[in-house]
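Have the viewer open and follow along.

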2 protein chains.
Amino acid sequence: MSQRVKIKALLQSQQTEIDVTVKGWVRTFRNNQFIALNDGSTNNNIQVVVDFENTDAALLKRITTGAAISVTGKLVASLGKGQTVEIKATEIEILGDSDPEKYPLQPKKHSLEFLREIAHLRFRTNTFGAIFRVRNSLAFAVHQFFQERGFVYLHTPVITASDAEGAGETFHVTNFDLDNIPKTDTGEIDFKQDFFGRPTNLTVSGQLEGELGAMALSDVYTFGPTFRAENSNTTRHLAEFWMIEPEVAFNDLADNMDLAEDMLKYVIRYALDKNADDIEFLTQRLQEEEKQKPQNERSEMTLLEKLQFCLNNDFERLTYTEAIDILKESTPNKKKKFQYPVEGWGTDLQSEHERYLVEKHFKKPVILTDYPKEIKAFYMRQNDDGKTVGAMDILFPGIGEIIGGSQREERLDKLEQRMDEMGIPKDELWWYLDTRRFGGCPHSGFGLGFERLVLFVTGMGNIRDVIPFPRFPKNAEF
Amino acid sequence: MSQRVKIKALLQSQQTEIDVTVKGWVRTFRNNQFIALNDGSTNNNIQVVVDFENTDAALLKRITTGAAISVTGKLVASLGKGQTVEIKATEIEILGDSDPEKYPLQPKKHSLEFLREIAHLRFRTNTFGAIFRVRNSLAFAVHQFFQERGFVYLHTPVITASDAEGAGETFHVTNFDLDNIPKTDTGEIDFKQDFFGRPTNLTVSGQLEGELGAMALSDVYTFGPTFRAENSNTTRHLAEFWMIEPEVAFNDLADNMDLAEDMLKYVIRYALDKNADDIEFLTQRLQEEEKQKPQNERSEMTLLEKLQFCLNNDFERLTYTEAIDILKESTPNKKKKFQYPVEGWGTDLQSEHERYLVEKHFKKPVILTDYPKEIKAFYMRQNDDGKTVGAMDILFPGIGEIIGGSQREERLDKLEQRMDEMGIPKDELWWYLDTRRFGGCPHSGFGLGFERLVLFVTGMGNIRDVIPFPRFPKNAEF
């Protein structure tokens, strides 16, 4: 009986009047009698009832918010509201004290900004416990979805020598002493002496390497960290974030859209099943937060409703060109309410336009296809119209673009021509071009920014709150 | 019927005389009649029988090794040996040609060294198809193992500002123009102007951040890339590799060993179940390779036997001190056969010693515990003897150390004292120390180098062959 039982299991226990041991952290201690104990297995605390008359006063004093304790006692039916069972403690041991004068997490509401500065402790709050359990479920659901379909998980490299995609926005990786960088006779940096013998940087995407795998294993996906050295301090960008990039041989753009829609629905459903309590908590949290906003800025749907809405609707599929027509004719455009007026075909869509389509016009997730080639990457398959490429972006309420993908250009001549036009160095990407030389085939893939997905499912407003230790300009703490 | 079916499913089909479409890459084409087609879903090819008399000669010519094709036809029972079904083709479409004069992968045996130089194409060989399918299964099994036990998957940061563990062996990450690094008035590098406002590097371990999560969520694990700028060109080291690091609150060293042993057995069993064909192929491959070696250097067990042996035996647990006694008295030590003679207590064990214990003395996996504190990290829990720490290393046949772990020092005073002794900067790790200040508790964890595990399960000899695109000194290709 001294084996620790997790609180999640105890709260679901059908048996009472049994001896149990739980270990966790004190959330609150009321009246020298009621401990709310949490061990991270669930957002719900178990109530521990202390026999304070027969407990040493010195021990009672050490039962403070944040302290780690071990409790042995009897699991009994609870008369209190909000819980079906509680523990009548027979033995309490302090495993780690927490000085209430110094402990930064007081049993009150802290701002998200403050909690970001103590990210090493924010796991201990209801909000962040829920967020990171939901994040966990989403990550596992991604793997399970692809594994069930026979995909191979590929670890593509983090350190790369090719900078084809991220021109100017990549972090350098070097082993040089930055105070003493070796130079050649002609005064240039002697990269031959660096660790990899050439300039290297952190990857911005595993897609190109993923395609190499798909040209042999058919169905692959990556799930790894990617990086952008973009100096943008927004609620939507991180310098280090996780991406999921499936790549499938023989898939065309329609297959690609089906795969992406199936995947999003699968992982959201998984989180709703596994984390019902957490999502209910986050739904309430968001409602509280929205009460602070003016009526017209509040969401029409609760978080839970929004998630279910995504599951219950087919995503609307239309072309970029059709979307431009809708936007041009839209009321906000005519009334000049858009910050960026929609005038003609060819410009990239702004977040306000994406959200209008999703939230106002279609009122469901939207997949836009066939964008102008000028605003998309070199590897996207050129359509016969000579103007557009087989791209697809999935737009979500509140988030905007959550997935970007395309059918890839498998025709060597077309690909090389586009690389020349866009100034992509073909010699650096000889291996990428090789897959078009030898047994290339139609194939498609997409990228999902994992933190965008977690933002959506948790209803949080700032991407820095859905990754344990966010990296952004001037911040690499912890 | 035009929906593509994967070859793995077809080969297991109970039905014949049905119309099917398969897509894949030509491995061989014999007698203008028999195509061995592979799509990466399995190591086994499906035989496609071509009606060459009624097929256009120009098309037949394009069915070359490496070409991507689509085949529609009837699935029929096969009379040939080694297969139960084959496809009588009614329609063949070339999706991507492969010029046999130029295609680097000829239908013959290539050396692993050569294949490493064309890592973008080696996925298309039997050996690497098998390796990366096994790698995939092991990765997923790791997730499933921890998820079944209620662990939370944590993404710890890749870019970090703390260099506590990896002194001198970390890669710098910077956004500076390396040709023009800004300096302060006193001539020092002005890191305030760098992206993160301070020097940053690539992580060597997610453990310290993992501990922060465990002090709230109880059971967490990481699975992410880690980096060493070690200039070592060996078959055992990579500059970029993936690590799995569970961290569990309230676990002592014995719990930690149980968890590690359970995990290793679980993931090996999973791969044996899921990848029976691949492991059989790799077992044969290894036997062929070993035939080139002198008799006394060959393994006593086949790969398959070695894997089953790990499943069927309890790992031997003993202390470092006991191991030293065994090694001192061992025949190779007395006969001076060890390159590094074992003389006294306190020195680190070499690979030859570890392998002697595993392969010769105990003939099973070994867990060594309670190492001298001088040869272990600052965060390991100090034993009462004042000399040793609660470390544990798991040693595997052929591999040596596959897991390193410990109970962590949860006592603030002991931890600070050890950090002072070892020159670890306490101010940099203020957040780590905070977890000992506020509700710290006994806890344990370990690190598993994922590529070492894949090496073991695939029976490969060089770690560069078990990761898609290896990073090592002077190499960051692809």
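## Ground rules

This is a predicted model, in which local features need pLDDT of at least 70 and side-chain atom pairs count only at pLDDT 80 or more, while totals for chains, interfaces and linings use all residues. Residues are numbered from 1 along each chain as its sequence is written, chains are lettered from A and ligands numbered from 1 in the order in which they are written, and side-chain values use heavy atoms, with hydrogens and water left out.

## Where the chains meet

Let's start with the interface. About 9,000 Å² is buried between chain B and chain A, and carbon and sulfur atoms give 63% of that. Buried area here is the accessible area (1.4 Å probe) that two parts lose on being put together, summed over both. On the chain B side, His155(B), Phe195(B) and Phe438(B) supply 9% of the area buried against chain A, more than any other three residues.

The rule finds 45 residue pairs in polar contact across the interface of chain B and chain A, with both residues at pLDDT 80 or more. A polar contact is a pair of N or O atoms within 3.5 Å; within protein, one must be able to donate a hydrogen and the other to accept it, and residues adjacent in sequence count only if both atoms are side-chain atoms.

A salt bridge is a side-chain nitrogen of Lys or Arg within 4 Å of a carboxyl oxygen of Asp or Glu. The count over all chains comes to 62, and six salt bridges cross the interface of chain B and chain A. Asp219(A) forms a salt bridge with Arg4(B), with the closest N and O atoms 3.8 Å apart.

Lys6(B) goes for Asp219(A) as well: a polar contact of 2.9 Å joins their side chains. Lys6(B) sits in the segment before helix H1 (7-11) of chain B. Leaving aside neighbours within four places in sequence, the contacts of Lys6(B) include Arg149(A), Gly150(A) and Asp39(B).

Inside chain A, Glu421(A) and Arg418(A) meet in a salt bridge (2.4 Å, N to O). Glu421(A) and Arg418(A) are three residues apart in helix H12 (residues 412-422) of chain A, so about one helical turn separates them.

## A sheet that spans both chains

Helices (H or I, at least four residues) and strands (E, at least two) are DSSP runs, numbered from the N terminus. Two strands pair if DSSP finds at least two bridges between them. One open sheet has six strands, in the order S7(A)-S9(A)-S8(A)-S8(B)-S9(B)-S7(B), with antiparallel pairing. Strand S7 (159-160) of chain A and strand S7 (159-160) of chain B stand at the edges, each with a single partner strand, so one side of each has no neighbour in the sheet.

Which strands join chain A to chain B here? Strand S8 (residues 172-174) of chain A pairs with strand S8 (residues 172-174) of chain B, antiparallel, over three bridges. Val173(A) has Val173(B) as its bridge partner.

## Sheets within a chain

In chain A, strand S5 (residues 85-96) pairs with strand S3 (residues 46-49) in the parallel sense over three bridges. Ten bridges join strand S4 (residues 68-77) of chain A to S5(A), running antiparallel. Lys88(A) is the bridge partner of Val49(A) and also of Lys74(A).

Chain B has an open sheet of eight strands with mixed pairing, ordered S6-S10-S11-S16-S15-S14-S13-S12. Strand S6 (152-153) and strand S12 (316-319) of chain B are at the edges, each with a single partner strand, so one side of each is left without a neighbour in the sheet.

Technical notes
Contact means heavy atoms within 4.5 Å.
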